[in-house]
Amino acid sequence: MNTSVGNRRWGIAVLLILDYFVMFIARTSMSMSGPALMAEYGWTATEFGWVSTAFFIGYAVTMLPAGALADRFGGGVILVTGTLWWAIFTFLTPFGTTLGLMMLVRILMGIGQGLLVPANFSLLANWVPKSESGKATGLLQIGCPAGIATSMMLAAWIIQMWGWRTVFYSFSLLGPLWCLLWWRLGKNKPELDPKISPAELAYIKAGQVVKGNQSQGSASSTTLSKKDIFSTPSVWGCAMCYFCTNYLFFLFMTWLPTYFAMGRGIDLKQSAIYSMLPYLVAILAYPLGGLVADAAAKRFGENKGRKLCPIFGLLLAGTFLILGTRATSLGTAAALISASNFFLCLTMASHFSISMVFSQKNTGIIVGLNGLFGTTAGILSPVCSGLIIDLSGKYEYALYLGATVAIIGAAFMLLTHIRPIEKRQPLHSASVSVNT
C-alpha cells in the first residue's frame, strides 16, 4: 500500500467502508428479529423465508441499472439516493403487520440497498490503481461483517429491552448520518477532489493503465460496449461463481441466528453471540483475501492469481460447513461454521477486483451483473432453506445444500479466464484489414 504519494484515496475507502457498515447493520436487523416475528405472527419457517427473500427481489431490480448509472454519472449521487431510500423503508418495516405488507416493505428496502454495491465499486475503481484493487476491495468489504456482527449484538439487546420494532426505528437513522459525511468529505473522482496531491493523482492514473495493452483495444484504452462485456464467457463464469458464493453467504446471514436459536435450542442472547463469531473472523478474512489476491496476481499473473482465493476458499468453506453441521458440541459447531465463513469471505475481494481487471472503466456494470446473480442467490437461499427446514424438520439439510453450492462455485471459477476484455472489431473492419 503506497502512502508516500499521499493517502486521500484511503480516506475515500473509509467512507465507503462506513457505507457498507451501516447498510449491513440495517439489513441484518430482519435476521435477528426472525424468532420474535415468527412467534408474534405465527409464521412458519417457509413464511419467514419469504420475508427474507422479498428483500432480495427488490435488491435484484436495481443492481444492473445502478452499475451503469454509476459508471456514467458517478457513484456519489447513486450512493446517497440508495442510502436515503433504504433508511425510509427500514423505518417503515414495523408497519408491515401482515405477511404481504411485510414483503412489500422489504422489497422496497431492497431496491434502495441494491443501488449501493455497484456504485461503491464503480466509485472505488476511479480511486485506486489496479495494483491496489484487491487491497481496496478487501478493505471496503470489512464494513459487511463488522456491520452484521454489530447488528447481531445491538439488535439482541434492543429486542430484549424495547422489542423488535425499536431495532428498525433506531437503525434507520444511520443512513442519513452517513449521507451527511459523504456530502462533506466525498468525491466521485480524484481529479475532482481539491484535497488530493498532484503526486497521488498521477500515481492513481498511471496505475489504471494495463501495461502492454494500450494498443490492443483493451478495456483500459478503449470504450467497451455492453455487447463486448456480455459476450465475454468469463464474465458469465465469474457471475455464476458469485451466485454460488452468495447462496452460502445469504444462507448464513438470514438463517444463522435462527439456526442457533431454534436448531441448536439456545436463547436469543446466546444465539447472537454464536452467530456473531463467524463475522468477527470475517473482518480479518476480507482484507486478507485482498492482500492474497494482489500478491498472487503479481506472482502468478492476473488469471491464476485472482482465481486462487475463490477456488480454494469455496472448497474449504463447503467442507468446514459440512463438518460444523455434523458436530455434536455447540462450541465445535460454532468454530467450524466460523471457519467456513472465514474462507467464504476470503473470496470476496477477488470477486470484485476481477471486475476491475476485466475493465476499470466498466467496473460498475460488471459488478452489477455479478450482483444480479448474487442477489438471485439471495432470493433463492432463504426460501429454499425455509422449505427444506419445514419439509424435513432439520436445519442441517439446508446447510448441507449451501455447502454443496459453494463447492460447485469453485468449479465455475476454475473454468474461467481472467484478463482485460477486448473490444470486438466490426466484421466489415476485419474484412477490410484482410483485403489490405
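This is a predicted model: local features need pLDDT of at least 70, side-chain atom pairs count only at pLDDT 80 or more; totals for chains, interfaces and linings use all residues.
Colleague: Is R306 buried or exposed, and what about D294?

Modeller: R306 counts as buried because its relative accessibility is 1%, and D294 also counts as buried because its value is 8%, where the cut-off for buried is under 20%.

Colleague: Which residues are linked with R306 and D294 in a network?

Modeller: K135 and E302 join D294 and R306 in a network of salt bridges.

Colleague: How many salt bridges are there by this rule?

Modeller: The count comes to 8. Among them is the one between R8 and D193, at 2.5 Å from N to O, which links distant parts of the chain, since R8 lies in helix α1 (residues 8-41) and D193 lies in the loop between α9 (174-185) and α10 (198-206), 185 residues apart. Both R8 and D193 are buried.

Colleague: What does E40 pair with?

Modeller: E40 forms a salt bridge with R165, and their closest N and O atoms are 2.7 Å apart. E40 is in helix α1 and R165 is in helix α8 (residues 164-171), so this pair ties together parts that are 125 residues apart in sequence. E40 counts as partly exposed because its relative accessibility is 41%, and R165 counts as partly exposed because its value is 30%.

Colleague: Changing topic, how many cavities of 30 Å³ or more turn up?

Modeller: A search of the whole structure finds 3, and the largest cavity has a volume of about 140 Å³.

Colleague: What lines the largest cavity?

Modeller: It is lined by 17 residues, with Y20, F24, Y242, N246 and F352 lying nearest its centre. By class, this lining divides into 12 nonpolar, 4 polar and 1 charged, and α12 gives the most to it, with 4 residues.

Colleague: And the second largest cavity, what is its volume, and which helices each supply at least two residues of its lining?

Modeller: The second largest cavity has a volume of about 60 Å³, and α1, α2 and α12 each supply at least two residues of its lining. That lining includes R27, F55 and M253, and by class it has 4 nonpolar, 3 polar and 2 charged residues.

Notes:
Residues are numbered from 1 along each chain as its sequence is written. Side-chain values use heavy atoms; hydrogens and water are left out. A salt bridge is a side-chain nitrogen of Lys or Arg within 4 Å of a carboxyl oxygen of Asp or Glu. Buried means under 20% relative accessible area, exposed over 50%, partly exposed in between (1.4 Å probe, protein chains only). On a 1 Å grid over the protein atoms alone, a cavity is a set of points where a 1.4 Å probe fits but cannot get out, and a pocket is an open set with protein on both sides within 12 Å along at least five of seven lines; lining residues have an atom within 4 Å of a point. Grid points are joined across faces, edges and corners, and a volume is the space filled by probe spheres set on the points. Ala, Val, Leu, Ile, Met, Phe, Trp, Tyr, Cys and Pro count as nonpolar, Asp, Glu, Lys and Arg as charged, and the others, Gly among them, as polar.
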